[in-house]
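Reader: Could you take me through a close look at one part of this model, a charged pair and its surroundings? I would enjoy a connected account that then moves on to related contacts elsewhere.

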Amino acid sequence: MDPSSPNNETPESLRQKRLAKLAAASTSPAASSSAQAEPTTVLSAGPSVKKAAVAKESGPSTPNALKLQSTASPTPSATATPTTATTPSGTDRLVSQFLSFADSDWEGQTFEFIFQVSFNVDVALRKSYMYIPSLIEELQSESIPLVFTHDLVERVLYARLLTPAADDAPLIDYIIGCWKRIAEVKRRATIVVDRANGETRKQVQEVAARRVGYVTAAKALIMNYSWLVMMPGMADSFAQPARVAEVASGLLAEKLLLPNPDESESQLPPEFLEDFVARYENDEFLEILGPIFSSVSAKMLKGSIEQHEQIPLQALIRLLSFKSVAAAVTQLPQFNPQDTPPRLVEVATTLGPFLSRLTTFPDSDQSIVTKYFSSSNPLAYGMEPGTNYIGFDVGMRNYGDLQSTMGSLRGISARTKSSLGGVFLTIIRSSAEAKEAILQFSADAVSKNIARGKLQVDPRTVSTNGFMHNLRSVFLQLADPIMDPKFSKVHLIDPHYFKHSQRLACVVDEQTRINSDKISADAYFQEWRAENPTPAAANFVSEVFYLALAFHHYGSLSIIRTYGSFLKEVEEMRKQIDRMRAEKERLGAQWTPMNEELFKRYLVQLDTYIGYKLAMDVALLDPIEIEHSLRFFNLVIVWLIRIIVVGIGAIHANGSKPDSIQWDRVIRGDLQGLPLFPLPAEAPKLFTTLPEWIIEDICDYYLFVCRNNLIVLETFPRDGICAFAMLILQNSGYIKNPYLKSKLVEIMFFFTVPLYRNAAGEVVKRLDDVFGTHPLMREHLVQAVMSFYIDVEQTGMASQFYDKFNIRYNISHILKCVWNDPTHRTNVIKESMRLESFVKFANLLMNDTRYLLDEGLDKMTEIRTIENEMADASTWMSGTQQHRQEREATFRMAERQAYSYMSLGNETVHMLNYMTTNDRICIPFMQPEIVERLAAMLDYNLAALVGPRCTELKVRNPEKYSFRPKSLLNDLIGIYLNLARRKEFQVAISKDGRSYKKEHFHRAADILVKSSLRNEGELSALRDFVDTVEALIKAEADAEQEYGEAPDEFLDPLMFTLMEDPVILPTSHVTVDRSTIKSHLLSDQHDPFNRMPLTIDMVVPNDELKQQIYEWKRSKRAAKDDPMEF
């Protein structure tokens, strides 16, 4: 192996090369400005160093020449250049003294002051300077006068660096001290020049310029040595502690990280740092910056969001204030190391610790919980009413204290996030390469955390919530310029970004699309790439927009899912504690110490959970944070609408040229001619191939706000979400997933929820004003939600049967809320005139009512049974513990189900009640395929409420289950009264032989009168209705007697009633009555006999059979009129 190979160089040879490099750098015009100065060998090895006479360096001591009073004559210098100009009378004394010194004298005292080294041992002792005998001997051996002039600066400095000082401090401290004293010399020279005037001003300027030039050259030399004394491989060559070589430039970081800002700036002046950066930005810069940033980042790992622990962040900002540093930091190996696991990104990268520690999320910093949100007495939970904080029981915590703590932490958090955003922006602006590095670092953070997009994720395998939430905040700040109220920059967002940019390919691959399968989407992408083989690189606006989208999806929305699951755990723990407390009271003395210990553990754990929840609330429920995200999602909504508009060809995307459409007006309902209602039947692939989670995130974030901090929406404009909801619901084929549409409906439902109530409990403020003011809402809301009421019957999911009830509950609330608005009521009437669709709506309404009330009332009976069992203490306790636990579990499930069924059932009955008050809306309910089922449903539930078994519904706390029997009875009777004058309804009731009894109506009337819910005048119409029904029953009985037994072929095979309008089913060829098959098809679009697809327009009238039935009936009537003829 060649010993001269660079790989075989020894540390000493490397050191010598660095010395040579430094020598070359230090040979400058300023350093050799004196023609009389004899060149010296830079950093040449001098004689052996002896102990200095004075080795301790004290603080700056102003030289006599600057104090303007000489106490000793300087040693003559062979190169002295005295000032020979005469001083005019009247000249300032300071200026006179400055001019009276020869250059050599001024230099001698000044350089002694700067370097704290003297050639005179007496002076050194008196001023606490260092005296270096070896240097004196060396100069004397070369016959050099012992006057400290500029041509000796480097020799003196090098000798000083090799001489141990009494304090054994790192030499960078000495270097900085020299630099500060040079700054002081320059400052005083400026004062002298400023005070000179008249004839002496020019002379003073010339002298000062020459002398300052000497000092400036000395400063340049000092800066050359500033890195050398810390450089690994060189630091240990100087007289300083051994740790310097290990820490290297991290010594500067230690000064940046001093807890006292004034002390930090004193030990490391900003101007020195500026000179240091300027000197080395093109020379070994990364080697210098590495230890500095490593030290600052490591310090941040031990810090937190608390203001006094944010020193590392301020140090980072101070470093990045230098453009060259900001540009270079992204080149450090630790800036974005590849193949780093998600969790280690927060530790092993330069910015990771700042993003992960400066947060209130407890998974990043658990100390936030114990410091700010712990309870003084966790064991007291449940013993007395707890504090309600934004609808959440927080135990014994003080409301005012929580408000104050939340406000304080949110203020600190806002400033911190602003600083983090500034850090990213500073790096981005420093250079094109740095901008690319920041974007890639951020994209890598997304790709490493793809697992956060799943419903269930192991937190140990992904980055923390705090890390991702801070990145979301950073990119929201970067996106602020494109979130202007007019959306004037939305055209700059590249709609084809996912097709050509690989930066975020991970967020599209294997993801569900809005309305496209993977094969179709891939084919579309390939087709586009073939047509655009060399697309332009994505602009910065697009990069920021899509990264902000990604950080919301894998950051905020992932946190929200975790938050929701966590709250369920908290509520389950509350219930368990309540059950244990009830058991404790029941057992009394039999409650064991082990049970008590377990009970206390649960209480402590619950208190910790509450603290965690409050810590998360600091960020998640911060109104400012929420509004920032909502503004971004408004931009996303406009972008999605624009994607659709561009996709259908209504406008053309012109790259950087602004659109002619004013998008802020579009979301306020001024469509400016855009064909949005309706859109073309086939959705554009530009829209359908986008990831479905984009729309889901919009919905989920709005729902999170609605459920947890609805009041934020009181002042936030809701035009965007309203316009988007109407667009999607009215063009339902554009989105494949019905649950996305249901979420849009749920958002509208929350606009009907009370914001405020007065002392009497009356609603004084809701968000439903938008239903009456937004043009698109006024025109499309009713039709949109009523159509979706029908569509949601079939969602394609296994849970569709139960899901539809929750969705329809929301729709019923919306319709109830707008019913009193004349415009919306007119729209409901218009919908009822679309007979085919409204009959479907009415049919589903009745189906839901029957099922919900039937199930709800059954659960009330079950609850009553178990309540009676538990009330009998002796019998209850005589059973086994397992039996009691099973019955308690059944009881809890029945309670949950009863509340759900009754809440939904109440709203459905109420909607049926107020809708049937309008005569025109009643018409669809009177259709043959509907009216008899309506009558049967009403009679059945009336019998349940007032019939013989109504006592089985009495439970201890009916309001707990939303069971209000008198109110429900009032609504049912209201429906009877609304339809009482309809002949079809009277006949349908009379045909209900299963549930109808006139006694039920009489009992119901008595209850309503006693409860003051109805007066006798109203109920007289009910009694008249019952009389009419009774007469019809008698007439029907007479008719049956008249016709007798009908032939089987005349009877409907499903209902076994005489057919009125027989029709033949096309595939099974079975004949049924038209009303029967129409009723069947409302719920099932298949032939009931062979399950083949069937629609009402496919049936064939059986005119021959119809005529036969007619003739049979006529003959029966004729026989009655003339028995002899028969």
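This is a predicted model: local features need pLDDT of at least 70, side-chain atom pairs count only at pLDDT 80 or more; totals for chains, interfaces and linings use all residues.

Author: Arg503 sits in the loop between helix 23 (497-500) and helix 24 (518-531), while Glu436 belongs to helix 21 (residues 432-447), so the contact ties together parts that are 67 residues apart in sequence. Arg503 counts as buried because its relative accessibility is 15%, and the cut-off for buried is under 20%. Glu436, at 39% relative accessibility, counts as partly exposed.

Salt bridges also occur as a network: Glu793, Lys804, Arg808 and Asp848 are joined into one by bridges that share partners. Across the structure there are 55 salt bridges. One of them pairs Arg155 with Glu142, whose closest N and O atoms are 2.8 Å apart. Here Arg155 is in helix 7 and Glu142 in the loop between helix 6 (133-141) and helix 7, 13 residues apart. Arg155 is buried, with a relative accessible area of 14%, whereas Glu142 is partly exposed at 40% relative accessibility.

Helix 7 itself deserves a look. Nine of the 10 residues in helix 7 (residues 153-162) are buried, so the rest of the structure largely encloses it. Among those buried residues are Arg155 and Arg160. Arg160 lies over the face of Tyr174, 4.1 Å from the ring centre.

For another charged pair, turn to Asp365 and Arg357, whose side chains meet in a salt bridge at 3.7 Å, N to O. Asp365 is buried, with a relative accessible area of 4%, and Arg357 is buried too, with 17%.

Tyr976 and Phe985 form a tilted one, 6.0 Å centre to centre with 55° between the planes, and both residues are buried. The rings of Phe1050 and Trp1112 also have centres 6.0 Å apart, but their planes stand at 70°, so this pair is edge-to-face. Phe1050 is in the loop between helix 45 (1016-1043) and strand 3 (1062-1064) and Trp1112 in helix 47 (residues 1103-1121), so the pair ties together parts 62 residues apart in sequence. Phe1050 is buried at 6% relative accessibility, and Trp1112 is buried with a relative accessible area of 13%.

Conventions. Residues are numbered from 1 along each chain as its sequence is written. Side-chain values use heavy atoms; hydrogens and water are left out. Rings of Phe, Tyr and Trp (its six-membered ring) pair if their centres lie within 6.5 Å; planes under 30 degrees apart count as stacked, over 60 as edge-to-face and the rest as tilted. Buried means under 20% relative accessible area, exposed over 50%, partly exposed in between (1.4 Å probe, protein chains only). Helices (H or I, at least four residues) and strands (E, at least two) are DSSP runs, numbered from the N terminus. A charge sits over a ring if NZ of Lys or CZ of Arg is within 6 Å of the ring centre and within 35 degrees of the ring normal. A salt bridge is a side-chain nitrogen of Lys or Arg within 4 Å of a carboxyl oxygen of Asp or Glu.
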